Amino acid sequence: MRDRVAGRVRDIIFYEPGKPVDELERELGIASAVKLASNENPLGPSPRALEAVREALGEVNRYPDGSGYHLKGALAEYHGLSREHFILGNGTNEVLEIIAHAFLEQGDEAVIAEGAFIVFQIVAQLVDARRVLVPLKDYAHDLKAMRERVGPRTKLLFVANPNNPTGTAVGEGDLRELLEGVPQSVIVVVDEAYSHYVARSDYPDATSWVRDYPNLLALRTFSKAYGLAGLRVGYGVGDPELVGYMNRVREPFNVNSLALVAARAALSDEEHVRKSVEVNSQGRDYLCRELGRLGVPCVPSQANFLLVEVGDGADCFRRLLREGVIVRPLGGYGLPQHVRVTVGLPEENERFIEALRKVKSGRA
Ligand SMILES: *Cc1c(COP(=O)(O)O)cnc(C)c1O
């Protein structure tokens, strides 16, 4: 069977999705498991987005607006840019795939941090590009080292800011130095899926830099703070000419009509975003404090999840599962001693801490 498959596809890293909650509940025969594995918004979607979806349901016989006119208009206003700066995707994941198709040819290089969001590597593999992997430094992107690995065939350089699964962010000074230091021929992709949750004051909003750097692409998503992961919508922001080429690669109706209206409504619901960020910041503080009490190290996080050093990550993951708590093991990321836990509602966070306490004391 292997022979029938395109060479570039054979070794593509398999993206392992989190275990579904209902499946675990059925397995364990329990009523309520908690899923802290996919960095979703524990408050749920914005009520405004739900209302917009209900209103739009009656028209799903129609194709969506393939240009995303209204959502792009709202985004243009939100970011102080024009519609032409935006490309919409069926999740940011699709935008990443479009980027790979638009800018990489076989044998081109993409510079990627080892231990960065795994999809960067997957999309490079998809188009038979070479992955130039640069180790993280103190769990963070080492932008200097990444810049040094840029060569004549480098077309893309990826930065997740904050990074998933480590939760670290790079500051304004370092990102600017990178953008000033790489050749114009290298497109720098800054994935800001978790931007709303960042606490550090020197966090660079890359979407506001695209007028200064025509080789910069910033990515955002509606899957995290906006609470719309299930609808699949994200976007890229960049120079209109660059974005124009990406739009040629895009499937004509890639974002569905419900996602379009929900995203627009969610963008306008500042109160829901504010609440989501607040719940996250309190939960993140709580988890750090309690992990400290348990003597379990964790990496300070700028996102809605924590990288927790548990010793044997795969074993801890299985034991937590038996307690009805789903986290993310990170062997695939080269972090076998860690698990990633999403910040949940207070009761979910407590449930995780209790389960981990049992694991640590050998009672689970
Ligand atoms: C969750 C996440 C995204 C969002 O992906 P969608 O396809 O929009 O759901 C993008 N980048 C990173 C690093 C993420 O962790």
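## Largest pocket

Helix H6 (119-126) contributes the most residues to the lining of the largest pocket, namely four. Helices here are DSSP runs of H or I with at least four residues, and strands are runs of E with at least two, numbered from the N terminus. Helix H5 (92-103) and helix H6 are the elements that give two or more residues to this lining. The model is predicted: local features need pLDDT of at least 70, side-chain atom pairs count only at pLDDT 80 or more, and totals for chains, interfaces and linings use all residues. Residues are numbered from 1 along each chain as its sequence is written, and side-chain values use heavy atoms, with hydrogens and water left out.

The largest pocket holds about 600 Å³ of space. A pocket is an open set of points on a 1 Å grid over the protein atoms alone, with protein on both sides within 12 Å along at least five of seven lines; lining residues have an atom within 4 Å of a point. Volume is the space filled by probe spheres set on the points, which are joined across faces, edges and corners. The lining has 27 residues. Nearest the centre lie Tyr15, Asn93, Phe117, Val119 and Arg232. By class, twelve lining residues are nonpolar, eight polar and seven charged. Ala, Val, Leu, Ile, Met, Phe, Trp, Tyr, Cys and Pro count as nonpolar; Asp, Glu, Lys and Arg count as charged; the others, Gly among them, count as polar.

## Second largest pocket

The second largest pocket has a volume of about 370 Å³. Its lining consists of 17 residues. Tyr15, Glu16, Pro17, Arg328 and Pro329 lie nearest its centre. Eleven of the lining residues are nonpolar, three polar and three charged.

## Ligand surroundings

Residues around the ligand (a heavy atom within 4 Å) include Gly91, Thr92, Asn93, Phe117, Asn164 and Asp191. Also among them are Ala193, Tyr194, Thr221, Ser223, Lys224 and Arg232.

For Tyr194 the distance is 2.6 Å. For Thr221 it is 2.6 Å. For Ser223 it is 2.6 Å.

The whole structure has three cavities of 30 Å³ or more. A cavity is a set of grid points where a 1.4 Å probe fits but cannot get out. About 60 Å³ of space lies in the largest cavity. Its lining includes Asp65, Gly66, Ser67, Gly68, Lys72 and Leu88. Asn247, Arg250, Asn254, Val255 and Leu260 also line the largest cavity. The classes are three nonpolar, five polar and three charged.

Arg250 sits in the loop between helix H9 (240-249) and helix H10 (257-268). Arg250 is buried, because its relative accessibility is 16%. Buried means under 20% relative accessible area, exposed over 50%, and partly exposed in between (1.4 Å probe, protein chains only). From Phe158, Arg250 is 92 residues away in sequence and 20 Å away in space, C-alpha to C-alpha.

## Cysteines

The disulfide count is zero, a disulfide being a pair of cysteine sulfur atoms within 2.5 Å. Cys316 is in no disulfide either; its nearest cysteine sulfur, that of Cys298, is 13 Å away.

Cys298 is partly exposed, with a relative accessible area of 23%. Cys316 is buried, at 4% relative accessibility.

How values were computed
Polar contact = N/O pair within 3.5 Å; in protein donor to acceptor, adjacent residues only side chain to side chain.
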